[in-house]
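Please open the structure in a viewer and follow the selections below in order.

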Amino acid sequence: MKIRAAVLREYGIPMKIEELELAEPREHEVQVKMLACGFCHSDLSVWQGYIPQDIPMVPGHEACAVVEKIGHGVTKLKPGDRVIGCWMVPCGHCFQCRRGRPNLCETSMKFFQEGNLLDGTSRLTDKDGKRVGLGSFIAGFATHSVMPDIGAIKVPEHIKLPPEQLCQLGCSVATGWGSVVNVAKAREGNSIGIWGCGGIGLNAIRFAALRHCNPIVAVDLEKSKRDIAMEFGATHFVESSKDDPIPVIKGLTGGAGLEFAIEATGDPGAQVQAWWALRSGGTMVNIGIPPIDSVTSIPLFYAPLHAKSIIGTLYGETHPTEDLPGLMEVMNTGILKTDKLVTRTIKLEDLDMVMQAILAREVIGRWVIKYD
Ligand SMILES: NC(=O)c1ccc[n+]([C@@H]2O[C@H](COP(=O)([O-])OP(=O)(O)OC[C@H]3O[C@@H](n4cnc5c(N)ncnc54)[C@H](O)[C@@H]3O)[C@@H](O)[C@H]2O)c1
Ligand SMILES: [Zn+2]
Ligand SMILES: [Zn+2]
């Protein structure tokens, strides 16, 4: 069928909306009509070539969609079901899947890079009949797509949240949750700092608040992010373009520093700051993805001397098929404030405008494409 999609053909050049051909879903795949897709900073990094993925490709990995057609062997989904797309789809067989880390699935990782589904092919071709990659098993910047059934998490009937909120489960909510709960394993009274109050950082703040961490220090270059950070549960906010967060954090922690520093900017400077903000025995959790060729000046002398750790995490150690249904129920209570997270709905044609706004650090919360 003919669909419309934003195609990334050259890094850093505005994506054009093209008419593409979408092939039928194959075994264990579903064809979906997109309802909403958030714009994550990782989409910007892919567009910039900072997170290299093969092109041409249709990006977009934070999507809520409705099933239109099912392929052979699909038993748990039917046309009309709403689903959330996972950008890492467990193959169930590789080293990482067998050891309980499906977020690092080796099969998925390769296809994620190439823009293929689990059989190693895409379902998209352009007007010249040439292959176009289907980004992150989702291609959320397309009006329609095909997803692996295992990566399409069903939204139960009783969940009435709008698609622009539900789509956040696919990346920002899951990653923010996992970084605090699965990786840091933060608990009552732990001191925690979060660098970057964007979609991911705000969810990390939210879960730190729900876990009764204290203090929860939100750090962002932009003062404009203060109100939303406090709304999500930060106890303090540091505008780091004006104030050095390290003395502020030391002042709040009796001179010691933080037990956990969550870095959700992807900026090497913020990584260094988060490191210096740690107390002895503290842990920095790296969610932010800097450009592939960037390096960071962290004095590892203090890693053994002060027993400091750095833990990188992809998807916050989420197990997509096992964790997302439960998280969706939590989201449905309203406690995650996803109604406040999504501050603007936009059109597929607005992608360039969103990217410019993110580059200028003007986006508060998440902006989400809402499809007709
Ligand atoms: N590891 C993962 O699985 C995973 C998943 C999703 C996103 N990410 C990455 O997480 C990062 C954040 O994503 P997002 O969608 O929340 O981004 P975003 O653009 O919505 O928010 C980033 C925030 O960081 C702030 N910021 C930028 N540089 C800063 C600095 N030096 N100090 C303090 N604040 C700074 C910006 O003002 C903005 O508020 C990106 O690098 C993204 O690629 C990683
Ligand atoms: Zn993302
Ligand atoms: Zn696997």
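Begin with ligand 1: the shell around it has 15 nonpolar, 14 polar and five charged residues (Ala, Val, Leu, Ile, Met, Phe, Trp, Tyr, Cys and Pro count as nonpolar, Asp, Glu, Lys and Arg as charged, and the others, Gly among them, as polar). The model is predicted: local features need pLDDT of at least 70 and side-chain atom pairs pLDDT 80 or more, while totals for chains, interfaces and linings use all residues. Residues are numbered from 1 along each chain as its sequence is written, with chains lettered from A and ligands numbered from 1 in the order in which they are written.

Next, select the 34 residues that surround ligand 1, of which His 41, Gly 196, Gly 198, Ile 200 and Gly 266 are the closest; a residue is near if its C-beta atom, placed from the backbone, lies within 6 Å. Colour domain 1 (2–172 + 317–370) and domain 2 (176–313): both give residues to this shell, so ligand 1 lies between them. These bounds come from an automatic or database domain assignment.

Now select helix H5 (residues 172–184) and helix H11 (residues 320–332), which pack at an angle of about 100° with axes 11 Å apart. Helices are DSSP runs (H or I, at least four residues) numbered from the N terminus; axes are lines fitted to C-alpha atoms over the stretch in contact, and angles run from 0 to 180 degrees between N-to-C directions.

Finally, display Val 173, Ala 174 and Trp 177 of H5, which meet Asp 323, Leu 324, Leu 327 and Met 331 of H11 (C-beta atoms, placed from the backbone, within 7 Å). This contact comprises six nonpolar residues, no polar and one charged.

Note on methods: Helices (H or I, at least four residues) and strands (E, at least two) are DSSP runs, numbered from the N terminus. Two residues are in contact if their C-beta atoms, placed from the backbone, lie within 7 Å.
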